[in-house]
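Trainee: I would like to learn how to read side-chain contacts and helix geometry from a model. Please take me through some cases.

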Amino acid sequence: MAPGDVLRVGAAGLRTRPTRALLSALGIAIGIATMVAVVGISASSREQLDRQLAALGTNLLTVAPGRTVDGTEARLPAEAEAMIARIGPVTAVSATATVGGVKVYRSDRIPKAETNSLSVLAARVNLPQTVGATVHRGAWLNGLTGRYPAAVLGAEAAARLGVGRPSPQTEIVVGDARFTVIGVLDPVPLVRALDTAVLVGWDVATDRLHFDGRATTVYARSRDDQVEAVAGLLSRTANPQAPGTVMVSKPSDVLVAQRAADATLDGLLLGLGAVALLVGGVGVANTMVISVLERRAEIGLRRSLGATRGQVRTQFLTESLLLSALGGAGGVQLGVAVTTGYAAYQAWPTVVPPWASAGALAATLVIGALAGVYPAIRAARLSPTEALAAP
């Protein structure tokens, strides 16, 4: 028989029992939809995380003082920022410094005990670009405002102080001086310490808050392919005299660890999808075996009219493949729809890898072929007389 005739005969076998064919295809479709949805949702989640990491940067390194041999807190040299900036792959350097002994109040009428647990940080003007911070309202410090009593609040600090919208009339008390709030930051995922901080210019902190000018945290950006190499150099570069007292960390490692946890969960969910696909395959095999038993008279008639065993095998194998292909195509569409709906609900980009759809269809056809081999061979082995004599 020509390929077109084989397809028509196989399709005719499915059309004669539409309900059974539909239920069997549904079993395959559920397994395929599970696999595609698991891969699609996981890929969409990773794409969202990758976009966040790309926006924030996975190449941010943090340098901070540790402890000395006698257990006291170490200090970074005043030249630490300049020395780190000389490292070839480093593309940006900024810093903050904790201004100790300075309290923050919404006004001078607030009781001294109600400090809101906020820290005061002297900040370099290029800090937002280096750490990925963005201004929610107002403006960031610049070369001019950094010399005067102006402050930018972290997101949590603004909430605690009750500052919603900065303006020239919005003032807070920092130490014994009044500072005008010129901006409020969005939450900073990679540097959570900024969320509860009141940030002031480096110069005004030195002039009015008795700041000694030494950074307590240095942030360095490097080329993506040189992050590990730069991390190995930072402690010796920041403090050549005592590199053991310098701590170096990579804040974005926390987000990367989250992605690794998601990948582990993907393996579990893919296993569940494979089980569902296996159940669908068993359903196809069962349908085809029952079809052979019910259609023995038809098989005998075809054999008596000249159909060979190979043609009978091909007919039933084609039915199995068509049934699986029907379930696979429906399952892929259902899986893509589930992925799209869930990604839209989470405000994620929708990503369904092409290999997932193609692999799901290929797996369906393999399952269909395996499920149809035994029924097809059994049908071909029936002799015409035995088949025609069947009730």
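Trainee: Is Glu 156 buried, partly exposed or exposed, and why?

Mentor: This is a predicted model. Buried means under 20% relative accessible area and exposed means over 50%, with partly exposed in between. Glu 156 has 35% relative accessibility, so Glu 156 counts as partly exposed.

Trainee: Which side chain does Glu 156 meet in a salt bridge?

Mentor: Side chains of opposite charge can pair when their charged atoms come close. Here the partner of Glu 156 is Arg 160, with 3.2 Å from N to O. Arg 160 is partly exposed too, and its relative accessible area is 35%.

Trainee: How are Arg 160 and Glu 156 placed in helix 5?

Mentor: An α-helix has 3.6 residues a turn, so residues three or four places apart point the same way. In helix 5 (residues 155–161), Arg 160 and Glu 156 are 4 residues apart, which means a separation of about one helical turn.

Trainee: What are the accessibilities in the salt bridge of Asp 195 and Arg 192?

Mentor: The side chains of these two residues, Asp 195 and Arg 192, meet at 3.2 Å, N to O. Asp 195 is buried, at a relative accessible area of 9%, whereas Arg 192 is exposed, at 52% relative accessibility.

Trainee: How far apart are the closest N and O atoms of Asp 225 and Arg 223?

Mentor: They are 3.8 Å apart, and the pair forms a salt bridge, since the cut-off is a nitrogen within 4 Å of a carboxyl oxygen. Asp 225 is exposed, with a relative accessible area of 60%, and Arg 223 is partly exposed, with 41%.

Trainee: Which residues do salt bridges with shared partners join into one network?

Mentor: Asp 108, Glu 171 and Arg 178 are joined in this way. The count of salt bridges comes to 7.

Trainee: Which residues form a nonpolar patch on the surface?

Mentor: Leu 23, Leu 26 and Ile 30 form one, and together they have about 300 Å² of accessible area. Leu 26 lies in helix 2 (residues 18–56). Its relative accessible area is 45%, so Leu 26 is partly exposed.

Trainee: What span does helix 10 reach, and what is expected?

Mentor: Helix 10 (residues 309–346) has 38 residues. From its first C-alpha to its last, helix 10 reaches 55 Å, close to the 56 Å expected at 1.5 Å a residue.

Technical notes:
Residues are numbered from 1 along each chain as its sequence is written. This is a predicted model: local features need pLDDT of at least 70, side-chain atom pairs count only at pLDDT 80 or more; totals for chains, interfaces and linings use all residues. Side-chain values use heavy atoms; hydrogens and water are left out. Patches are made of residues with over 30% relative accessible area and no salt bridge: like charges are joined within 9 Å, nonpolar side chains (Val, Leu, Ile, Met, Phe, Trp, Tyr) within 5 Å. Accessible areas come from the Shrake-Rupley method with a 1.4 Å probe; for residues, only the protein chains shown count as cover. Helices (H or I, at least four residues) and strands (E, at least two) are DSSP runs, numbered from the N terminus. Buried means under 20% relative accessible area, exposed over 50%, partly exposed in between (1.4 Å probe, protein chains only). The expected span of a helix is 1.5 Å times one less than its number of residues.
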